[in-house]
Amino acid sequence: MKRHPINRRQAVGLGAALLSSALQAQAPTPVTTVSVQLPTQPLLVQMNQVALERAGPKRAIVEYTGPAQAGRYRVLAGGRVVAQGELSALPEFSAWGGGRRYFEVDFSALQQAGVYRVEATLGGARVLSAPVRVQDQALFTTIADKTLDYFRRSRHTGAGDKRIRVFETDRFVNVWGGWKDAGGDAGKYLSHLGYANFFNPQQTSMAAWVLAYTAQTSGDLYRRAGLLGRVQDEAFWGADYLHRILDADGYFYTTVFDKWGDEKAERMVVGYEGEEGTYTRLYRSAYRAGAGMAIASLARASMLAKQSGRQGEFGGATYLADAVRAFEHLEQVNAQYTADGVENIIDDYTALMAAVELFHASGEPRFLEASRLRAGRLMGRQGADGGFISDGGKRPYYHAVEAGLPALSLAHYLAVEPQQERRDRVATVLAAALKHELDITGRVANPYGYARQAFQLAGKDGRAEGEVMEGFFIPHRNETGYWWQGESARLASLSAAMVVASRQLGAAMPVGWAGYAQSQLDWTLGRNPYGISMLYGFGKRNPPAVPSSAGDMFAGGISNGITGAADSDTGAGIAFGPGPDDAQWRWVEQWLPHSSWMLLAAVVTAR
C-alpha cells in the first residue's frame, strides 16, 4: 500500500485480470495487459455489482456519448420488467473527461428481494448493467464470509518475528502474529507515515478493533451467518498480537519493517520515513500512530472474552490490563512520541476512542472524564463550516483512509455520555460535521456522489500551505512526499460514520444522508466510471493482478482504488492502473484498512 516493487519476490509477470461474479463463479480470464483505461463504449450503465439493501437507496448511473438528449430505462428482475421510465438527466460534468452526458436511474422504491439489472436505451443503443442482489442485510450476508477469509489468509506467522531486534539497541522482542499489511507487504504496522504528522492511518489496530467490536456488539448477526466462532478467533488473534507488541515500559511498537522485503535490510522494530523507507527511532506509538486504536481494541477484546467465555493465547483480564497500562502511559508522554512533538486531531479522535472503550470495559469514571476531555478538544477543532481543522492553525482535516473516524469517535462518545448538556453539544457538532460532508460533496456536479474533500498542497518545506482547495481525490503533492493511492477505506469510513452517527442523533437517517452513505460503498463495489468492483471475488469485473507490484490478491480483499490523474499535484482528473509499471500498487494492491472499514460498514448497515 505504500512501497516500491516487491524486492523479496521474483516478478512473475504482470499476471492476469480476474473477472468474477458474486452470483455466478467464473474461472480467471487472462488478459494481455494491466493498463486499465476508462471504457469507451457510447453507452454504459454503472451500478453496484455486489449487494444492495432491500429498503435502502438503489441508484444506477448511465454514461452516454451519443447525440440523443433523452432515453428510457427498464429495471429487470429475471425476465420480468419491474419498473421503467424516462432517464433522469444529471448536471453537466467534465472533471473526469468531456463528451459524456450523465443520467440517473433511481429504483429505491423497489423493495422486494431479488436479483436486478438495469437496462438503458438511448439513441438506438441499448445496454444492460451487471446484476446486483437485493435483500435484507445484503452487504454483510454477501461479503462477511470471504472478508473473514481475507483476514485469516493475511495472518503473518513467520517464526522469525518471535525474536526481532529493536532499532539501535541490542534488545530482542517477540512480535509474532498480526496480519501482513498488504498484498505485497509482509510488514506489520500500527500506523505508517508518522513522520508526516497528519497522514497517520490506523492499520493493524483498526482491523483488530473492527473485529472485536463487531463480534462483541453484533454476535447474533455473525451467529446467524455461521461465522461467530471465526470472527471471535480473528479478533483474539489481533488482540494477542497487540499484547505482544506492548513494551514493558507501556508503549506499543509502531512497525515491524524490512524495507518492503529488501533482502539487505534487517527486519526489526523500527520507525521509518519517506519513499526509501529510511529507518528512524519513531517506533514508540503515539495515540495517532495506532496506539489509541490499539488500546480501544484491547479494551473491546476484553469485553468479548468476558461475553463469549473464549479467549486467544491471552485472556480478557490481560487485554484490559494492557489497555489501561498503555493509556496511563500515553496520558503522560504522548506528545513525546509524535514526530513534531505536538498533538493534533488524529491524537484527539484515537485517544477518544481509547477512553470510550476503556469506560465501556471497566465502568471506571476516570475514563468517562478522559473521554470528555478528548471530545472537548476534538470539538474545539471544528470550523464554522462544520469541517474540522487538523492543527492549531488552518490546515483542513483530510485523510485518505479514515475521514469518517472523527465523527465516528464522537458518535461512540455520545453513546456513553449521560449529561444532557454535554450530549446536546456533541449532537450539534456531530450534525454539523455530517452536514459539511454532504455540502462539500454536493457543491459541484458530481454524478456518482463521490465524497469530496478540502485540502492544502505541500510547500517546499513539506508542510501544507497556501489556499484551501477542494477536490475529489487526495492531493498527490502532500506532506508525505510520495504517498497517494485509491481511497476505498476513506469511502467506507465515511459511510460507516454516517450510519452510526445518524442513529446516535436519535432519528431515522434522512434520505440524503442514506444516499451519501450508500454512494461511497457503491463506488468501491462497481458503480464507478471504470465499472470495476474493488472487492476481489465479487462483481462482474475486478482489478487486474499485478504480482510484481501489488503481490497477492485474495477474495474478500479490497484494492486501493481510483485516484486523480497520476501527473496531477492536486489529484484532479481520474486514473486507475495506468501502467503497466511498478507503481500499480497505488491502485491495485489490497490493503488491510480497506477490508476493515468495509466490514464495519457492512455490520452497522445490517443492524
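Residues are numbered from 1 along each chain as its sequence is written, and side-chain values use heavy atoms, with hydrogens and water left out. In this predicted model, local features need pLDDT of at least 70 and side-chain atom pairs count only at pLDDT 80 or more, while totals for chains, interfaces and linings use all residues.

**Exercise 1. Classify the packing of helix 6 against helix 8.**

Step 1. Locate the elements. Helix 6 covers residues 316–333 and helix 8 covers residues 365–379. Helices (H or I, at least four residues) and strands (E, at least two) are DSSP runs, numbered from the N terminus.

Step 2. Take the geometry. The two axes come within 13 Å and cross at roughly 45°. Axes are lines fitted to C-alpha atoms, for helices over the stretch in contact, and angles run from 0 to 180 degrees between N-to-C directions.

Step 3. Name the class. Angles under 35 degrees count as roughly parallel, over 145 as roughly antiparallel, 65 to 115 as roughly perpendicular and the rest as oblique. Helix 6 and helix 8 are therefore oblique to each other.

Step 4. List the contact (heavy atoms within 4.5 Å). Helix 6 gives Val 324, Phe 327, Glu 328 and Glu 331, and helix 8 gives Arg 366, Phe 367, Ala 370 and Arg 374.

Step 5. Sort these residues. Four are nonpolar, none polar and four charged. Ala, Val, Leu, Ile, Met, Phe, Trp, Tyr, Cys and Pro count as nonpolar, Asp, Glu, Lys and Arg as charged, and the others, Gly among them, as polar.

**Exercise 2. Repeat the analysis for helix 6 and helix 7.**

Step 1. Helix 7 spans residues 345–362. Its axis lies 11 Å from that of helix 6, at an angle of about 140°. The two helices are therefore oblique to each other.

Step 2. Leu 320, Ala 323, Val 324 and Phe 327 of helix 6 meet Ala 351, Ala 354, Ala 355, Leu 358 and Ala 361 of helix 7. This contact has nine nonpolar residues, no polar and no charged.

**Exercise 3. Which strands stand at the edges of the open four-stranded sheet?**

Step 1. Read the order. It is 1-3-7-6, with antiparallel pairing. Two strands pair if DSSP finds at least two bridges between them.

Step 2. Find the ends. Strand 1 (43–46) and strand 6 (88–89) are the edges; each has a single partner strand, so one side of each is left without a neighbour in the sheet.

Step 3. Check one pairing. Strand 6 joins strand 7 (residues 101–106) in the antiparallel sense over two bridges. Ala 89 has Phe 103 of strand 7 as its bridge partner.

**Exercise 4. Describe the hairpin of strand 8 and strand 9.**

Step 1. Strand 8 (residues 114–122) pairs with strand 9 (residues 125–128) in the antiparallel sense, over four bridges. Leu 122 stands opposite Ala 125.

Step 2. Two residues lie between the strands, and Gly 123 takes a positive phi near 55°.

**Exercise 5. Find the backbone exceptions at Lys 259 and Pro 580.**

Step 1. Most residues other than glycine have a negative phi, and most peptide bonds are trans.

Step 2. Lys 259 is not a glycine, yet has a positive phi of about 55°. Lys 259 sits in the loop between strand 14 and strand 15 (268–269).

Step 3. The peptide bond from Gly 579 to Pro 580 is cis, with omega near 10°. Pro 580 belongs to the loop between helix 13 (547–550) and helix 14 (585–588).
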